[in-house]
Amino acid sequence: MPSLLDKRLVLVTGKGGVGKTTVAAALGLIAARRGKRVVLCEVAEQRRLPGMLERLPYEGLHHESVDPERAKEEWLRYQLKSRTLAGVLGGSGIFQYLTAAAPGLTELVTMGKVWDLAQIEPRTGGPGYDLAIVDAPATGHGLAMFRAPSTYANIARLGPVGRHAERIDSFLRDPVQTGVLTVALPEEMPVNETVEFERALRRELDVTIDAIVVNAVHPSRFNKEAVRRLEGADGGSRVARAAIEAALSEHRRARGEHAQVRRLRRAARAPVVTLPRVFEPELGREHVERLSVELERRL
């Protein structure tokens, strides 16, 4: 755990709907409790974290939502060294058309903003942070964000775009500076996608995943003897039979989930840890705090 929190940037990704926002928030709480100045960063103008953490009451824990268009303007100001010129060029229809047509540019400037937040002295000004934790897009789009700096560094070998992209790419590939944490559910499709994402990241960018968190795992409530006795009970009343069937159904679900966790551990290179399912319709700050304690203990 210290090695992950001692990095400058941690990217949290996973298949959509697996709880990566929750895991990113829990990781941020761990770092804040350890006295770090942390920024929790969301991309594509998402703003789910502030509500989950109830205005971020922890000292040293901050939030940033990256707007790709604003990130593009900041990138222009940095390249042109002039706010006025950046405003004129950024507001032109031709520039808007060209940037919209350029594949991967939105991902590049978004990753550039994330990279800047992870610097000790951000080039766009503002406070510096000890750690930037990013609630990154789902694995498919997340891989495109990872690729963008490398792609532009290879295409634009000369000039400011290529140099800047190369700096970002080098930072992302540096395991001392950047960590990757992937979140999955204990189900077949999320497990498959996690394994494929790990392989693609290693194959295309030579980047390894630091840890895989399997979220929302049902507990195993019954041992073999208890299951045998439940299966052999006649139940008596309708209510008793319904209760027995519910217990056996819960057991079968937990058994299937734990089998998926074992399958992931066999297929993945990264260490795999689990977080328990929280039986609440909506997670608040107290639930995230509880999960952060579990995550700190298990990683």
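How much accessible surface does the protein have, and what share of it belongs to carbon and sulfur atoms? The accessible surface comes to about 15,000 Å², of which 51% belongs to carbon and sulfur atoms; accessible areas come from the Shrake-Rupley method with a 1.4 Å probe, and for residues only the protein chains shown count as cover.

1. A word on the model. This is a predicted model, in which local features need pLDDT of at least 70, side-chain atom pairs count only at pLDDT 80 or more, and totals for chains, interfaces and linings use all residues. Residues are numbered from 1 along each chain as its sequence is written, and side-chain values use heavy atoms, with hydrogens and water left out.

2. The overall picture. You will find 13 helices and seven strands in the protein; helices (H or I, at least four residues) and strands (E, at least two) are DSSP runs, numbered from the N terminus. Of the 299 residues, 49% are buried (under 20% relative accessible area, with exposed over 50% and partly exposed in between, using a 1.4 Å probe and protein chains only). Among contacts (heavy atoms within 4.5 Å) between residues at least 6 apart in sequence, 73% join residues at least 24 apart.

3. Seven strands form an open sheet in the order 3-2-4-1-5-6-7, with parallel pairing; two strands pair if DSSP finds at least two bridges between them. At the edges are strand 3 (61-66) and strand 7 (272-276), each pairing on one side only. On average, neighbouring strands are turned by 25° against each other, direction ignored. Helix 13 (residues 285-298) packs on this sheet, where it touches strand 6 (211-217) and strand 7, and its direction makes about 155° with that of strand 7.

4. Strand partners. Strand 1 (residues 9-14) runs parallel to strand 4 and is joined to it by five bridges. Gly 14 has Ala 138 of strand 4 as its bridge partner. Strand 6 and strand 7 also run parallel, joined by four bridges, and Val 217 stands opposite Pro 276 in strand 7. Strand 7 is largely enclosed by the rest of the structure, because four of its five residues are buried.

5. Helix packing. Two packed helices are described by the angle between their axes and the distance between the axes. Axes are lines fitted to C-alpha atoms, for helices over the stretch in contact, and angles run from 0 to 180 degrees between N-to-C directions. The axes of helix 8 (residues 139-155) and helix 10 (residues 188-205) come within 11 Å and cross at roughly 5°. Helix 8 is therefore roughly parallel to helix 10 (angles under 35 degrees count as roughly parallel, over 145 as roughly antiparallel, 65 to 115 as roughly perpendicular and the rest as oblique). Their contact includes Leu 143 and Phe 146 of helix 8 and Phe 197 and Leu 201 of helix 10. Helix 7 and helix 8 have axes that come within 8 Å and cross at roughly 90°, so helix 7 is roughly perpendicular to helix 8.

6. Two residues to look at. Glu 257 sits in helix 12 (residues 238-267) and counts as buried because its relative accessibility is 5%. Leaving aside neighbours within four places in sequence, Glu 257 is in contact with Pro 186, Ala 216, Val 217 and His 218. Gln 119 lies in the loop between helix 7 (105-117) and strand 4 (131-138), and at 17% relative accessibility Gln 119 counts as buried.
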